[in-house]
Structure formats: structure tokens, C-alpha cells
Amino acid sequence: MNIDTENRESTNTARRNFLAGIAGMAGVSIASGVTLFSFAEAKEAGEAVTSKVRWGMLIDTNKCEDGCTKCVSACNKENGIGTTGRAETDPQWIRKVQLRDPKTGNQTSLPMMCQHCAEPPCVDVCPTGASFKRADGIVLVDKHSCIGCRYCMMACPYKARSFVHEALEDQKSHAPRGKGTVESCTLCVHRIDKGGIPACVEACADEAGGAMLFGDLNDPKSEIAKRVAKYASRQIRADLGLNPGVRYQGI
Amino acid sequence: MATATKTIYRELKNDPLKYYLAVGLTGLIALIAAAAAYYMETNGHHVTGMNNQIVWGMPHVFAVFLIVAASGALNVASIGSVFGKTAYKPLARLSGLLAIALLAGGLAVLVLDLGRPDRLIVAMTKYNFKSIFAWNIYLYTGFFAIVGVYLWMMLEKRMNRYSSAVGVVAFVWRLALTTGTGSIFGFLVARQSYDAAVFAPLFIAMSFSFGLAIFILVLAIASRADDRPLGDFIVGKLAKLLGVFVAAVLYFVIVQHLTNLYATEHHGVERFILLEGGIITGLFWVGQIILGSFVPLVILFHPAFNKTRAYIYAAASLVILGGMTQIYVIIVGGQAYPLVLFPGMEVKSSFFDGVIHSYAPSLPEIVLGIGGIAVACLVVMIGMRVLRFLPTSLADGAADPHHNIAP
């Protein structure tokens with residue numbers, strides 16, 4: 001399945017060239033061999049997503065500051081996620097988690113969101129197939145066929161999914177949501193399909209420590225693939241064998 | 001065969017005023033429950049006690065209880081037709097009706113709690129065959145169909161000869177159905193308190209126990225309402241069987257917890273359920289173990305109690321109460337314990353990571369659940385009034401094949 005966006009036909013080539021230029025600038029080395037992100041290539045409208053690509057993220061927790069929530073704010077703004085003041089029922093697509101090792105006192109902070117597993121339990125358990133994984137590894141919910149059973153929320157090991165507990169207003173056209181359905185991080189699929197990067201990654205690079213690296217794990221030339229090849233990284237709950245697309249460094 | 005008298009079945013003929021009053025009241029409860037469901041759907045689930053931490057609550061406790069009990073209620077028929085126990089045969093029709101009724105009640109609750117119940121057609125037309133939920137949709141509809149045919153074989157004289165064969169199919173199907181229900185939890189790899197194969201046999205044992213407890217009470221109430229004799233022989237037999245089933249559930253519960261207690265990684269969740277879980281711990285020990293298991297076991301096996309109807313019915317009621325409690329502990333308790341993403345680390349976040357989640361069921365949720373029971377009662381009441389489900393007599397002379405044999 002494929003999430004398409006509008007009005008891309010004529011502008012794609014120009015946009016790609018423009019974005020490639022931006023990528024060149026944004027991908028400036030911040031240390032020898034280390035860049036903020038590798039760049040996604042825009043997809044033609046109507047062009048099917050392909051499994052040649054595996055979108056992923058590498059999060060360097062050493063650069064993630066405790067108390068910084070730029071990624072969370074950016075996600076909320078991008079996807080129109082507001083708060084009602086009822087924290088227990090408010091959706092959270094991305095959250096900051098603080099870790100403390102009680103034996104050593106060591107503290108870590110990291111963003112946690114849908115890990116876009118290669119073997120997603122949410123997709124396995126969904127009775128209608130509303131939870132699905134695109135060929136490029138992005139795990140999404142089809143809001144038209146989600147019946148709101150919440151079995152995926154029971155099955156997700158990362159607590160990445162939220163149920164929409166009440167009516168929504170002021171939705172973003174690129175991020176449709178609906179009362180009575182389940183939702184989670186889309187990896188900003190609307191941006192990726194236009195050749196962009198997720199809002200959280202962008203905000204972290206622009207306004208914070210640049211802890212988040214986005215890219216194609218399948219492309220050996222991509223920055224993310226080079227980084228995970230060179231440095232040790234960790235999958236959360238690797239014991240489950242789900243092969244998440246989000247990896248962490250420094251924990 | 002020593003059966004002296006032939007079993008005669010008749011529709012319920014009791015006082016129409018009382019009957020219609022009972023149907024009316026039960027219908028009213030079902031209507032109120034429908035209104036509660038409507039209220040939850042229009043306002044969204046924030047008006048319930050459920051949230052992003054406890055995603056399944058009271059409606060699921062009622063629904064799972066009724067669905068599990070449904071397959072168990074069919075056991076009485078299975079014992080007659082599959083295992084050839086003659087004494088149970090007169091009870092087979094009621095057993096089938098009760099099974100269908102309980103499943104209908106459970107499914108009604110489950111469906112009305114969906115975030116989008118209006119999309120039920122999606123669930124009926126789009127299937128992901130890796131989902132246990134999707135399997136269950138087939139298992140449930142298949143159960144209705146098979147038990148429906150089974151009842152037809154039993155009610156229609158010309159078809160009686162096929163009833164044993166269909167009974168075998170129904171028995172196998174009901175085992176699959178409860179395996180499916182248990183596996184909803186057993187296959188959840190993410191959560192500490194689930195992810196265990198024991199949930200399938202545990203749920204089967206639970207279904208035997210809860211289904212039979214409900215059957216005993218329904219049989220007693222219907223017989224009394226219609227002034228039909230119900231002898232000690234059949235009640236005693238059912239009571240003894242219930243005792244065995246309660247013991248079987250307790251056995252699987254012990255296996256479930258001992259297995260977890262052996263593995264260090266599960267110590268946290270076991271400590272929560274068994275010792276430090278507050279209301280969950282209280283419900284487990286007092287509701288499920290003492291009142292739901294030990295007390296019924298004493299009543300059902302001790303000769304001082306197991307000859308007295310009132311005690312037997314009290315034991316059956318306690319089994320039902322204990323069963324509801326057990327499912328509450330499984331569903332709510334299992335979710336209240338947080339997911340372990342980083343073993344050995346202290347975790348906190350704005351999304352309630354690392355903390356025990358609280359759940360306070362709201363009135364509409366509870367009313368919806370009770371509505372499921374009302375739907376089951378309506379099906380049984382109407383069914384028994386229009387069709388011949390209950391024998392005219394279950395007195396010892398009619399029910400006990402050896403009653404008239406000289407010692």
C-alpha cells in the first residue's frame with residue numbers, strides 16, 4: 001500500500017534538484033565522516049514504494065539532552081497532535097524517555113516512537129489488515145479500515161501506539177487522524193515521499209544536538225548505513241527479533 | 001439401556017405475566033446498555049476508564065468471560081453425545097442454547113466497545129489471516145453455525161441420528177474456539193504477564209468451569225420457574241463435575257504462576273500480581289483464589305455441603321464471580337504492569353513508562369458489560385419459550401438410568 005501526496009507531478013524534478021542542494025548543505029560534516037542526515041530521494045507520484053529502500057533512524061543518545069523535547073514539539077506541530085490536558089488519553093507519537101541505571105546512577109535520555117519493525121507485531125495481530133508495513137519499512141495504520149479494537153496497542157512492545165479517545169479538530173491534511181482509531185508515528189511518510197525527512201529529525205538537527213539520523217539502511221553509501229556499520233548500535237527489545245528500523249547508540 | 005422413561009421436552013409454559021415481566025426487564029437492561037455504548041461512541045473513549053495504558057477494560061472482561069463461558073456451556077451436550085454419558089443427554093438442548101446465547105452476549109459487548117463499531121462490515125470482509133482476532137471471527141461464526149446445526153439435529157426427530165456426529169464436530173470446534181480466545185493473550189510477546197502457551201489450556205479449563213457453573217444456575221432457575229422437577233441425581237452429578245473443573249483451573253493457574261516465578265525476568269510482574277498490586281493482588285487472592293476456587297472446592301467436595309442445593313448454587317455463583325475476577329486480573333492486571341523496554345533500568349516519561357497504570361472503570365463500561373449478560377438471558381428466555389429445550393422432568397426417576405434398578 002502506498003500513501004500518495006498531491007500535486008507532485010510537475011514539481012518533483014525541480015524539487016529534487018533543489019532538495020539535493022539543500023541536502024548537500026544540511027549534510028555538512030559535523031565531524032569527520034559524520035553528517036546530520038543522509039538524504040531521501042523523492043518518489044514520483046504514483047510510483048510504488050520499493051523494498052530496495054529500508055527507511056530507518058539512528059539515535060545517538062550521547063547527543064540527546066535530558067529535558068529537551070524539540071523532537072516531540074516538532075512532531076506534534078507537524079502532525080497536528082494537540083493536548084486536551086487529559087494525559088492518560090492524549091496521543092503521543094513520540095516521547096522522551098529518561099533512563100537511570102540504579103546500579104551506577106548513569107542517566108540517559110532518548111526519544112521513543114514507533115520503531116518501524118521489519119516484523120511488526122502490530123501488523124501481525126491486526127484483524128483487518130489496517131496496520132500495515134510499506135515495502136520501504138514504514139509501519140502505518142490505514143485509518144479507513146481500523147476498527148479501533150486496540151489489539152495492536154496490546155501487541156506493540158514499545159508502547160508506540162495511541163488510541164484517539166475523542167473528536168479531533170484542525171487536522172492536517174497530510175496526517176489524517178480519526179476518533180476511535182489507532183495511530184502512531186508515520187515517520188513523516190508525507191515528507192519522505194516528497195524527498196524530505198521526518199520533522200523530529202529536522203528539529204533535532206536545527207534546534208538541538210543533532211542526535212537523530214534518518215536514512216536508507218539498505219543503501220551502503222547512506223550515512224546511516226555507514227554509521228551503523230562502523231559504530232555499535234542497539235535495537236530496543238532486540239530479544240524479540242523484530243528488527244526495528246530505529247536503532248540507538250550510547251545505551 | 002435401563003432408562004425407563006422417554007425424555008419429553010416442552011416449551012416453558014409458566015405464568016405469562018411473570019415471564020413477560022422478566023423478558024421486559026432484561027430487555028430494558030439491554031437497551032440501557034445500548035445507550036451506554038452509544039454514549040461512549042459519540043463522546044469517544046475518554047469518557048470510559050480506559051486509556052492509552054489500559055487499552056482493554058471492563059467491556060473486555062465481560063466479553064471474554066461470556067465468550068469463554070459459551071464454549072464451556074456446550075460441554076454438557078458434549079458429555080452426552082461425544083462421551084456417551086446418558087444422564088447428560090436430556091440436558092444437551094439447553095446446553096446448546098446457552099452456548100449460543102452466551103457467545104451472542106459476549107460478542108455484542110466486544111463489538112460495541114470497538115472504536116468504530118460502525119465498521120464491523122470491515123472486520124467481516126477484510127481479513128489478516130495472521131491475526132488471532134481474524135481467526136476468532138471465523139471460530140465464533142463457525143460456532144454459531146455448528147451449534148445451530150447441532151440443535152437442529154437434536155430438536156428434529158428425523159435428524160436425531162446425526163446428533164452424535166455433529167456433537168463431535170461441535171466439541172472439537174469449541175476446543176479450538178477457546179484455544180483461540182486464550183491465544184489472544186498467549187501470543188502477545190510484548191507483555192510480561194502474557195506471552196505464555198499455558199493460556200490456551202488455562203482458558204479451556206476456565207471455559208469448562210464457568211460454562212458449567214452458569215449452566216447449573218440456568219437449569220435451576222428455569223426448572224423452578226416452570227415447576228419442573230429437578231432431581232438430586234443430576235444436580236449432584238453436575239456439582240461433582242464442576243468441582244473437578246474448578247480444580248483443573250486452579251491447577252493451570254498454579255502452573256501459570258510457577259512458570260513465571262521460575263524465570264527471573266518475570267519476577268517483577270509476579271510480584272505485582274501476587275504481592276504488591278493493591279486492588280489487583282486483592283482480587284487475585286480473595287476473589288479468584290479464595291472465593292472463586294477454594295470455597296467452591298470445599299462446598300463441592302465436602303459431604304457436609306455437596307448434598308444441599310443452596311450450597312451447590314452458592315458454589316456455582318462463586319465460580320462465576322471468581323471467573324470474572326480472574327479475567328479482570330488477567331486483562332487489567334496484565335496491562336497495569338508497565339512494558340519493560342529497558343530491563344534493569346529505572347524509566348520515566350510523559351507517557352507513563354515505568355509506572356504501574358491505574359484503571360477506574362466508568363459506569364457506562366460496566367453497564368455495557370451487564371448488557372451482554374442481558375442479551376444472553378434474553379436469548380435463553382425467548383428460546384426456551386418458543387422451542388422445546390427443557391425436559392418436562394429431570395426428577396431422579398427420569399434422569400438416573402439406574403434409578404429403578406434393584407440393588
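This short talk walks through a core, a sheet and a chain-to-chain contact in a predicted model.

Hi everyone! Some ground rules: residues are numbered from 1 along each chain as its sequence is written, while chains are lettered from A and ligands numbered from 1 in the order in which they are written. Since the model is predicted, local features need pLDDT of at least 70 and side-chain atom pairs count only at pLDDT 80 or more, but totals for chains, interfaces and linings use all residues.

Let's start with the core. A nonpolar core is a set of buried Ala, Val, Leu, Ile, Met, Phe, Trp, Tyr and Cys residues joined through C-beta atoms within 7 Å. Buried means that 20 or more other C-beta atoms lie within 10 Å of the residue's own, with C-beta atoms placed from the backbone. Which residues touch the most other members of the largest nonpolar core? They are B:Leu98, B:Leu102 and B:Leu242, out of 195 residues. Helix α8 of chain B, residues 199-225, gives the most to this core, with 16 residues. Helices here are DSSP runs of H or I with at least four residues, strands are runs of E with at least two, and both are numbered from the N terminus.

Now look at helix α4 of chain B, residues 92-112. Its first and last C-alpha are 31 Å apart, close to the 30 Å expected, where the expected span is 1.5 Å times one less than the number of residues. Of its 21 residues, 19 are buried.

Next, a sheet in chain A. Three strands form an open sheet in the order β10-β3-β11, with mixed pairing; strands pair if DSSP finds at least two bridges between them. β10 (212-216) and β11 (246-249) of chain A stand at the edges with a single partner strand each, so one side of each has no neighbour in the sheet. Strand β3(A), residues 55-60, runs parallel to β11(A), joined by four bridges. In that pair, A:Met57 stands opposite A:Val246.

Finally, where do the chains meet? In chain A, 44 residues are in contact with 37 residues of chain B, contact meaning C-beta atoms, placed from the backbone, within 7 Å. β4(A) gives the most to the side of chain A that touches chain B, with six residues. β4(A) also pairs with strand β2 of chain B, residues 346-349, in the antiparallel sense over four bridges. There, A:Val97 has B:Ser349 as its bridge partner.

Key. Buried ≥ 20, exposed ≤ 12 C-beta atoms within 10 Å, placed from the backbone. Contact = placed C-beta atoms within 7 Å.
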